[in-house]
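Hi everyone, thanks for making time.

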Amino acid sequence: MKKLRMVLTVGLLSIVLSACATIMKDNSQTIPITSSTDNVDIRIADKSGKVIFEGQTPASVNLKTAAGGYFDPQEYTITASKDGFKNQTTIIDWHVSAWYWAGNLILGGLIGYLIIDPITGDMYYLDEDVHLNMTPIKK
């Protein structure tokens, strides 16, 4: 009976702890956005084209790392403009977290690899900061 209880406990813990990226991080991230000149107008759109932020630099924006689907990372496009400077477009790209690879490997997490982390989106992280180098327009 004790062996059965121990096997069930270990099995349950393996299932609960198998999604390591989900345990170690959230599916949103605060990204600081700076520029070579202050008060640059910025617009951030997600990969569907929906504008999710409009403001000026410097700014810190909380962004979701996943779009909400299975194995569906989010990507953002920043459009920057300021009078006297060329408009600029840059991408905030996604990456797969080391917690997803190493954590699920160590904890034996096929469930984490294939189900929990891909559904929650916690396996992804975004570029950690964005700096916009604005180029003056020559007169």
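Before we start, one term: when I say a residue is buried, I mean that its relative accessible area is under 20%. And please keep in mind that this is a predicted model.

Okay, let's begin with helix α3, which runs over residues 98-106. Which of its residues are buried? They are Tyr100, Gly103 and Asn104. These three sit on the same side of α3, because the arc they cover around the axis is only 95°.

As background, nonpolar side chains in soluble globular proteins tend to be buried together. The largest nonpolar core here has 17 residues, and the ones with the most contacts inside it are Ile33, Ile42, Ile78, Ile92 and Leu132. Which elements give two or more residues to this core? That would be β1 (28-35), β2, β4, β5 and β9 (130-132).

Ala66 lies in the loop between β4 and β5, and at 13% relative accessible area it counts as buried. Ala66 and Met123 are 57 residues apart in sequence, but their C-alpha atoms are 8.7 Å apart in space. Beyond its sequence neighbours, Ala66 also has contacts with Asp72, Pro73 and Gly121, among others.

On to charges. How many salt bridges does a search of the whole structure find? Two. One joins the side chains of Arg43 and Glu54, at 3.5 Å from N to O. Arg43 is in strand β2 (residues 41-46) and Glu54 in strand β3 (residues 51-56), 11 residues apart. Arg43 is partly exposed at 42%, while Glu54 is exposed at 55%.

The other salt bridge is between Lys47 and Asp72, at 2.5 Å from N to O. Lys47 is in the loop between β2 and β3 and Asp72 in the loop between β4 and β5, so this pair ties together parts 25 residues apart in sequence.

Let's stay with that β4 to β5 loop, where we also find Tyr70 and Phe71. Both belong to a nonpolar surface patch of about 670 Å², together with Leu110, Ile111, Leu114, Ile115 and Ile119. Tyr70 is partly exposed, at 49%, and so is Phe71, at 36%.

In general, most residues other than glycine have a negative phi, and most peptide bonds are trans. Phe71 has a positive phi, near 50°. Asn39, in the loop between β1 and β2, has a positive phi as well, near 60°. And the peptide bond from Thr57 to Pro58 is cis, with omega near -5°; Pro58 is in the loop between β3 and β4.

That's my tour, so over to you.

How values were computed. Residues numbered from 1 in each chain as written. Predicted model: local features only at pLDDT ≥ 70, side-chain atom pairs only at ≥ 80, totals over all residues. Heavy atoms only, no water. Buried < 20%, exposed > 50% of the residue type's maximum accessible area, 1.4 Å probe, protein only. Helix = DSSP H or I, 4+ residues; strand = E, 2+ residues; numbered from the N terminus. Arc of directions from axis to C-beta. Patch = residues over 30% accessible without salt bridge, like charges linked within 9 Å, V, L, I, M, F, W, Y side chains within 5 Å. Areas by Shrake-Rupley, 256 points an atom, 1.4 Å probe, with all protein chains shown as cover. Salt bridge = Lys/Arg side-chain N within 4 Å of Asp/Glu carboxyl O. Core = buried A, V, L, I, M, F, W, Y, C linked by side-chain atoms within 4.5 Å. Contact = heavy atoms within 4.5 Å. Lists of a residue's contacts leave out its neighbours within four places in sequence.
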